[in-house]
Amino acid sequence: MTQAPEACDLLIEAGFVVPVEPQGVVLANHAVAVRDGAIVGVLPIHEARQRYQAVETVSRPEGALIPGLVNAHTHNPMTLLRGVADDLPLMEWLQGHIWPIEGAVIGPEFVADGIALAIAEMLRGGTTCANENYFFPDVQAAVYRQHGFRARVGLPVIDFPTAWAKSSDEYFDRATEVHDQWRHDPLVATAFAPHAPYTVSDENFERIRMLADQLDVPVHLHTHETAQEVAESREKHGQRPIARLDRLGLVNDRLIAVHMTQLTDAEIALCAERGVSVVHCPESNLKLASGFCPIGKLQQAGVNIAIGTDGCASNNDLDMFGETRTAALLAKAVAEDASAFDAASALQAATLGGARALGFETQIGSIVAGKQADLVCVDLGQLETQPLHHVISQLVYAAGRHQVSDVWIAGKAKLRERMLVDMDADALVANARQWRDRIATIRIS
């Protein structure tokens with residue numbers, strides 16, 4: 001007796017499926033079946049056609065289907081500041097240019113418009129999830145949800161007044177309000193986002209540790225970004241930043257440590273022992289001359305590595321394909337080892353590593369039955385990626401974001417044959433240009 005086919009919403013047939021789990025595996029001529037936003041099957045195309053009756057079938061014989069990329073550290077409202085202050089060292093860039101401009105424009109409208117532009121750019125580049133770190137997290141969360149984009153939104157804490165909050169108590173009160181509002185959302189979650197060790201007091205770090213434990217959320221923090229930061233911490237606190245954070249109880253598996261260019265072997269071992277996730281932002285670090293994250297050593301120690309673009313004011317794009325390639329190449333130069341951070345490891349960091357850092361590893365990051373269908377198809381049939389000898393090497397070392405053909409988040413199409421499904425690209429460009437004109441009138445003393 002022939003078994004009736006199972007119903008599913010979507011069947012994606014691809015020349016190659018790269019599940020990421022197991023690492024380094026490529027499944028030729030496979031299909032992924034999706035039902036109710038989740039992956040229900042990964043199997044050869046001919047078997048999938050017999051087993052499933054799909055509402056929609058998408059056939060991409062030249063495509064490589066990968067998990068959606070996870071941008072594990074970004075400031076997406078700053079997309080509207082792309083290119084305003086280039087070729088400057090970190091503190092001059094931040095204090096002399098970025099903070100004064102932000103002081104003049106920051107508010108709900110700036111945040112909402114910057115994130116909408118960023119979402120469109122990320123979707124066109126194969127990114128389906130972002131770890132956000134900026135002000136007005138309530139607005140951020142609403143815009144991510146409106147566009148069906150997956151995000152962990154940072155709840156900012158910094159030791160000086162901003163447009164978001166005027167005192168430490170207000171930062172924490174507003175943080176808990178936003179967390180409570182979004183705590184059960186299927187796409188949007190929260191994290192504490194203290195800016196950096198040099199802008200947050202011991203008292204506020206202790207409050208963050210206590211609340212992060214109570215609310216079961218990560219702590220997303222720039223740290224060990226520059227040699228200057230480490231030197232100033234030793235002068236002010238008598239300790240390097242990681243040692244200070246450890247004294248305050250924050251070096252644990254909730255910590256998402258961003259940049260980490262200044263690390264001793266003992267600090268790397270501590271991160272491995274405690275389950276810290278390190279987010280590597282190589283292009284921002286290179287552009288600001290902040291230093292080199294020792295990815296090879298971190299990988300050897302067993303530290304979970306994720307990749308982030310940082311914000312468009314210091315990168316200047318949200319291109320996770322470019323970032324992943326830079327991460328892989330730079331790791332080899334820093335380690336003086338051509339085998340360091342190979343293509344499969346880099347792709348894993350850009351997907352499952354980011355998911356683990358955000359605490360989303362049971363939901364996304366690999367193409368496994370039961371996980372959410374956050375999926376990206378990359379057209380490897382173009383001349384820039386021919387001939388095709390090794391799929392994963394081609395994805396990391398040759399493919400560009402312009403080759404992303406299709407994107408789904410929780411099984412819903414967001415990009416179809418390079419066209420945004422439910423966003424107006426022309427309107428986004430026009431809006432970005434009016435922000436350019438507004439920002440151009442700001443005078444920096």
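**A buried threonine and a pair of crossing helices**

At 5% relative accessibility, T324 counts as buried, since the cut-off for that label is anything under 20%. The model behind this value is a predicted one. T324 is found in helix α12, which covers residues 320–335. What does T324 touch, once residues up to four places away in sequence are left out? The list is I307, A346, L347, A350 and V396.

Zooming out a bit, the UniProt record (an unreviewed entry) places the feature "domain: Amidohydrolase-related" at residues 65–413. Over that stretch, the chain is 44% helix and 17% strand. The C-alpha atoms at the ends of residues 65–413 are 14 Å apart.

Next up is a helix pair. Two packed helices are described by the angle between their axes and the distance between the axes. Here the pair is α3 (residues 108–124) and α15 (residues 425–440), with axes that come within 10 Å and cross at roughly 135°. Are α3 and α15 oblique or parallel to each other? An angle over 145 degrees would count as roughly antiparallel, and 65 to 115 as roughly perpendicular; α3 and α15 are therefore oblique. As for handedness, α3 passes α15 in a left-handed crossing.

Which residues meet where the two helices touch? On the α3 side they are E109, F110, D113, A116, L117 and A120, while α15 brings L428, N431, A432, Q434, W435 and R438. Sorted by class, this contact has seven nonpolar, two polar and three charged residues.

How values were computed:
Residues are numbered from 1 along each chain as its sequence is written. This is a predicted model: local features need pLDDT of at least 70, side-chain atom pairs count only at pLDDT 80 or more; totals for chains, interfaces and linings use all residues. Side-chain values use heavy atoms; hydrogens and water are left out. UniProt positions are given in the numbering used here, feature names are shortened, and annotations may be inferred rather than shown by experiment. Helices (H or I, at least four residues) and strands (E, at least two) are DSSP runs, numbered from the N terminus. Buried means under 20% relative accessible area, exposed over 50%, partly exposed in between (1.4 Å probe, protein chains only). Contact means heavy atoms within 4.5 Å. Axes are lines fitted to C-alpha atoms, for helices over the stretch in contact, and angles run from 0 to 180 degrees between N-to-C directions. Angles under 35 degrees count as roughly parallel, over 145 as roughly antiparallel, 65 to 115 as roughly perpendicular and the rest as oblique. A crossing is left-handed if the near helix is turned anticlockwise from the far one by less than a right angle, and right-handed if clockwise. Ala, Val, Leu, Ile, Met, Phe, Trp, Tyr, Cys and Pro count as nonpolar, Asp, Glu, Lys and Arg as charged, and the others, Gly among them, as polar.
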